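Please keep the sequence and model in view while reading.

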Amino acid sequence: MDAKQIAAKLTPAQRRHIENGCISGDFAMATVNVLARKGLFYLRIDSPNGKCGFMELTPLGLEVRALLAPTQSGANND
C-alpha cells in the first residue's frame with residue numbers, strides 16, 4: 001500500500017496522531033498498535049534501562065503526514 005492509500009484510510013484518531021507527529025493525549029493502545037503495524041510509527045527506546053521510549057514517525061509516516069498537511073490547511077481556509 002502506498003502513502004496515498006494509507007492516508008485515505010486513516011481514522012480521525014489515527015490522522016490526529018500522524019498530523020501531530022507523536023502519540024499523545026487521549027488514545028487507545030489499539031490505535032498505537034495499528035499505526036505501528038501500518039509502518040507509520042516505531043518505538044525509539046531511549047531510557048537508561050532500555051525498555052521505554054517514544055513513538056516516532058517512520059519515513060512512511062512522514063510521507064503520509066506531508067500528504068495530510070494540505071488537507072489540514074485547506075480545512076482551515078473554508
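Which backbone oxygen lies 2.4 Å from a polar atom of the side chain of Thr58? That of Gly39.

## Basis of the model

This is a predicted model: local features need pLDDT of at least 70, side-chain atom pairs count only at pLDDT 80 or more, and totals for chains, interfaces and linings use all residues. Residues are numbered from 1 along each chain as its sequence is written, and side-chain values use heavy atoms, with hydrogens and water left out.

## Overall fold

The chain has four helices and two strands. Their order along the sequence is α-α-α-β-β-α. These elements are DSSP runs, numbered from the N terminus: helices are H or I with at least four residues, strands are E with at least two.

The chain has 78 residues, and 27% of them are buried. Buried means under 20% relative accessible area, exposed means over 50%, and partly exposed lies in between (1.4 Å probe, protein chains only). The chain exposes about 5,100 Å². Carbon and sulfur atoms supply 56% of that area. Areas come from the Shrake-Rupley method with a 1.4 Å probe; for residues, only the protein chains shown count as cover.

Contact means heavy atoms within 4.5 Å. Among contacts between residues at least 6 apart in sequence, 39% join residues at least 24 apart.

## The nonpolar core

The largest nonpolar core holds 14 residues. Leu10, Ile18, Leu35, Leu40, Phe41 and Val64 have the most contacts inside it. At least two residues each come from α1, α3 (29–37), β2 and α4. α1 gives the most, with three residues. A nonpolar core is a set of buried Ala, Val, Leu, Ile, Met, Phe, Trp, Tyr and Cys residues joined through side-chain atoms within 4.5 Å. In soluble globular proteins, nonpolar side chains tend to be buried together.

Leu35 has contacts with Leu10, Gln14, His17, Ile18, Ile23, Leu40 and Phe41, leaving aside neighbours within four places in sequence.

## Helix α3 and its cover

Which residues of α3 are buried? They are Thr31, Val32, Val34 and Leu35. Seen down the helix axis, the buried residues of α3 fall within an arc of 165°, so they line one face. The arc is that of the directions from the helix axis to the C-beta atoms. The face turned away carries the exposed residues Met29, Ala30 and Arg37. Cover for the buried side includes α2, β1 (41–45) and β2.

Gln14 sits in helix α2. Its relative accessible area is 7%, so Gln14 is buried. Gln14 touches Lys9, Thr31, Val34, Leu35 and Lys38, not counting residues up to four places away in sequence.

## Two loop threonines

Thr58 lies in the loop between β2 (53–57) and α4 (59–76). Thr58 counts as buried because its relative accessibility is 12%. Not counting residues up to four places away in sequence, Thr58 touches Gly39, Leu40, Phe41 and Tyr42.

Thr11 is in the loop between α1 (3–8) and α2 (12–20). Is Thr11 buried or partly exposed? Thr11 counts as partly exposed because its relative accessibility is 36%. Thr11 and Thr31 are 20 residues apart along the chain, and their C-alpha atoms are separated by 9.2 Å.

Technical notes. Polar contact = N/O pair within 3.5 Å; in protein donor to acceptor, adjacent residues only side chain to side chain.
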